[in-house]
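This briefing goes through one protein model by topic. Please keep the sequence and the structure in view while reading.

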Amino acid sequence: MRLIRTLFVAALAMGASLAHADDSAAVQRLTGLLNKAQTLTARFSQLTLDGSGTRLQETAGQLSLKRPGLFRWHTDAPNEQLLISNGEKVWLYDPDLEQVTIQKLDQRLTQTPALLLSGDISKISESFAITYKEGGNVVDLVLKPKTKDTLFDTLRLSFRSGKVNDMQMIDGVGQRTNILFFDVKMNEALDAKQFTFDVPPGVDVIQE
């Protein structure tokens, strides 16, 4: 489960000029930005730090999504892992461990930051209190879970010129993850096959 931990843990940094505490206005702003990308592909780099700022892990990879619910997150070797959602199930595949974990895509998983990008936008305000700051062509939205049973305490999602730019999260023990997106492409045709997973021969399967 390393990928779920490293994807869904993080850091908070604020830095724009106008603050909006009206949750309904923030939800509308986030909805508008996410709705611009019915499909999205991007490269990403990810850096995880502990509470003292010590570097724990640095990875890179490729993201693909199609709204609603179709998602693929592939982390490059040497820490290769693959997270795929077809809108009903989530597969987490670790080639090094020769193991795949299969879970139903329930409400808890849809609240994780990465899957949030491809999820049901209409339900965001049910799970998060949202505020935002806007300055120039940058919009920073801060999401705080309304329940305690979550994988992060605070998430900042930043958009630049209408495209997702970075994601920063922090968990309850101060561990932080920064994810930077680049080569972002929106609304291009995507092959549906990349959002399904065929278990390789000899791989252990864990059903949750």
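Why does Phe-152 count as buried? Phe-152 counts as buried because its relative accessibility is 2%, and buried means under 20% relative accessible area, with exposed over 50% and partly exposed in between (1.4 Å probe, protein chains only). The model is predicted, so local features need pLDDT of at least 70 and side-chain atom pairs count only at pLDDT 80 or more, while totals for chains, interfaces and linings use all residues. Residues are numbered from 1 along each chain as its sequence is written, and side-chain values use heavy atoms, with hydrogens and water left out.

**Overall make-up**

- The protein has 5 helices and 13 strands; these are DSSP runs numbered from the N terminus, with helices (H or I) of at least four residues and strands (E) of at least two.
- Of its 208 residues, 47% count as buried.
- Contact means heavy atoms within 4.5 Å. Among contacts between residues at least 6 apart in sequence, 55% join residues at least 24 apart.

**Aromatic rings**

- The whole structure contains 5 aromatic pairs. Rings of Phe, Tyr and Trp (its six-membered ring) pair if their centres lie within 6.5 Å; planes under 30 degrees apart count as stacked, over 60 as edge-to-face and the rest as tilted.
- Phe-71 and Trp-73 make a stacked pair, 6.2 Å centre to centre with 15 degrees between the planes. Both Phe-71 and Trp-73 are buried.
- Phe-128 and Phe-152 are also a stacked pair, because their ring centres are 6.0 Å apart and their planes are at 20 degrees.
- This pair links distant parts of the chain, 24 residues apart: Phe-128 is in strand S8 (residues 128-135), and Phe-152 is in the loop between strand S9 (138-145) and strand S10 (154-160).
- Phe-128 is buried, with a relative accessible area of 1%.
- One aromatic cluster is formed by Phe-44, Phe-71, Trp-73 and Phe-181.

**Helix H2**

- Helix H2 (residues 23-35) has 13 residues, and its end C-alpha atoms are 18 Å apart.
- The buried residues of H2 include Ala-26, Val-27, Leu-30, Leu-33 and Leu-34. They lie on the same side of H2 because they cover an arc of only 130 degrees around the axis, taken from the directions from the helix axis to the C-beta atoms.
- The cover over the buried residues of H2 includes helix H5 (124-127), S8, S9 and S10.

**Nonpolar cores**

- A nonpolar core is a set of buried Ala, Val, Leu, Ile, Met, Phe, Trp, Tyr and Cys residues joined through side-chain atoms within 4.5 Å.
- The largest core has 36 residues, and those with the most contacts inside it are Leu-30, Leu-63, Ile-130, Leu-141, Leu-143 and Phe-181. H2 gives the most to this core, with 5 residues.
- A second, separate core has 8 residues, including Leu-82, Tyr-93, Val-100 and Val-203.

**Two buried polar residues**

- Thr-48 lies in strand S2 (residues 39-49) and is buried, with a relative accessible area of 2%.
- The side chains of Thr-48 and Thr-177 are joined by a polar contact of 3.2 Å. A polar contact is a pair of N or O atoms within 3.5 Å; within protein, one must be able to donate a hydrogen and the other to accept it, and residues adjacent in sequence count only if both atoms are side-chain atoms.
- Ser-158 lies in strand S10 and counts as buried at 3% relative accessibility.

Conventions:
The expected span of a helix is 1.5 Å times one less than its number of residues.
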